[in-house]
Amino acid sequence: MINIALIGCTGSIGRQTLDIVRSHPERFRITALACGTDADSLSMLKKEFSPCIAHCAAEGEIPFGALFEDCDVAFIAAGGFAGLAYTMSAIEAGKRVLLANKESLVCGGELVMKAAKERGVEIVPVDSEHSAIFQALGFRREAGFEKLILTASGGPFLHYEKEALARVTAQEALAHPTWKMGKKVTVDSATLLNKGYEIIEAKWLYETDFEHIEAVVHPESIVHSLVSFADGAMIAQLGYPDMRLPIQLALTYPERLACTPQLDLARLGALHFLPLPKEKFPCFGLALAAGRAGGTAPTLLNGAAEEAVSAFLKGHITFSQIAETIGDVLGSIPREEAEDLSALKEADAAARRAARAFIYGK
Ligand code: MG
């Protein structure tokens, strides 16, 4: 029996994780549930799963210690910068972290990996690309590789001209061609910010540098990522775009349980691979530049992006103004060392203030 503290239980990944728990009640038990704001859904889930503790962040101070007390693994599926504090607390509690929150590594990679090493805690990837790489490496992080190659669907605007991109609506940005995900990450996929984030995540998870990570467009989203080796061999993981597989595998690896249907190869048709159109999607380059700068730069990037995407979804700014907001914030606030979580929290707050000033002019 694996005891799970599920943080972010009412979001897209959280709900799919609960589906996995429902389908293997003999293997998994929920000991803690936490969500951001959806207290109504939380109280229903509380009745169904009878956790030792359930908490809604909007309703009061988060009891970090108690959340991770009874679990074997901490499944961090909370969205945004808020997920980082949970990840750090789970590591402090010495619990294995199953990480679906990208911002924990994008913003806090340095702190998270250092703390995990000190406490002997393993960080297991849930993001489909990073799970694919983990599988291609045979679950051996120390296995030597030449390059990590992340695939990107390219989002709904892959073939749009630059002028047409400026006019796209939130509704169009939310219509992802292959994956069903939460709103923030769906917009981030359309701007390619998400692929920049995933390169930063891969750098920390697999202890490599940016020169050994590539991204390539693969519109069918069947090959979830690849690893290349010194002799020219490439190993990939294939499957239908369905997050249940990487979620379940993070819980059980190296064991594999029944989960999703196998690919029907003969019916798949052609698979395509294209270069990433970086010049059309400036968010990708902004993310990489912030990742390379390190320190508080990725936190500034993310704080600005969270504000900009929220403004875009409300119709307050255009699609191209998402990148403009991020660029302005990165240009106006100097990068500092990421000494501890409170330094990152300050950078996050400063980035959000600057982004709102850029967007709303106050
Ligand atoms: Mg992904």
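A donor here is an N, O or S atom within 2.8 Å of the metal (3.2 Å for Na, K and Ca), and water is not among the atoms, so sites may look incomplete. With that in place, the model is a predicted one: local features need pLDDT of at least 70, side-chain atom pairs count only at pLDDT 80 or more, and totals for chains, interfaces and linings use all residues. Residues are numbered from 1 along each chain as its sequence is written, and side-chain values use heavy atoms, with hydrogens and water left out.

I'll start with the metal. The magnesium ion has as its protein donors Asp127 (OD), Glu129 (OE) and Glu198 (OE), at 2.1 to 2.3 Å. Their spacing in sequence is D-x1-E-x68-E. Asp127 sits in the loop between β6 (123-125) and α6 (128-136), and Glu198 sits in helix α10 (residues 193-205), so the pair ties together parts 71 residues apart in sequence. Helices (H or I, at least four residues) and strands (E, at least two) are DSSP runs, numbered from the N terminus. Both Asp127 and Glu198 are buried; buried means under 20% relative accessible area, exposed over 50%, and partly exposed in between, with a 1.4 Å probe and protein chains only.

Next, two residues with positive phi. Glu207, in the loop between α10 and β8 (213-217), has a phi of about 45 degrees although it is not a glycine. Glu207 is exposed, at 56% relative accessible area. Ser221, in the loop between β8 and β9 (223-228), has a positive phi near 50 degrees and is likewise not a glycine. Ser221 is buried, at 5%.

There is also a cis peptide bond between Tyr253 and Pro254, with omega about 5 degrees. Pro254 belongs to the loop between α11 (244-252) and α12 (265-268).

Last, a helix pair. How do α14 and α15 pack, and at what angle? Helix α14 (residues 297-313) and helix α15 (residues 319-332) meet at about 150 degrees, with axes 9 Å apart. That makes α14 roughly antiparallel to α15; angles over 145 degrees count as roughly antiparallel, under 35 as roughly parallel, 65 to 115 as roughly perpendicular, and the rest as oblique. The contact, meaning heavy atoms within 4.5 Å, includes Leu300, Leu301 and Phe312 of α14 and Phe319, Ile322 and Thr325 of α15. By class, the contact has 13 nonpolar residues, one polar and no charged. Nonpolar covers Ala, Val, Leu, Ile, Met, Phe, Trp, Tyr, Cys and Pro; charged covers Asp, Glu, Lys and Arg; the others, Gly among them, are polar.

Key. Axes are lines fitted to C-alpha atoms, for helices over the stretch in contact, and angles run from 0 to 180 degrees between N-to-C directions.
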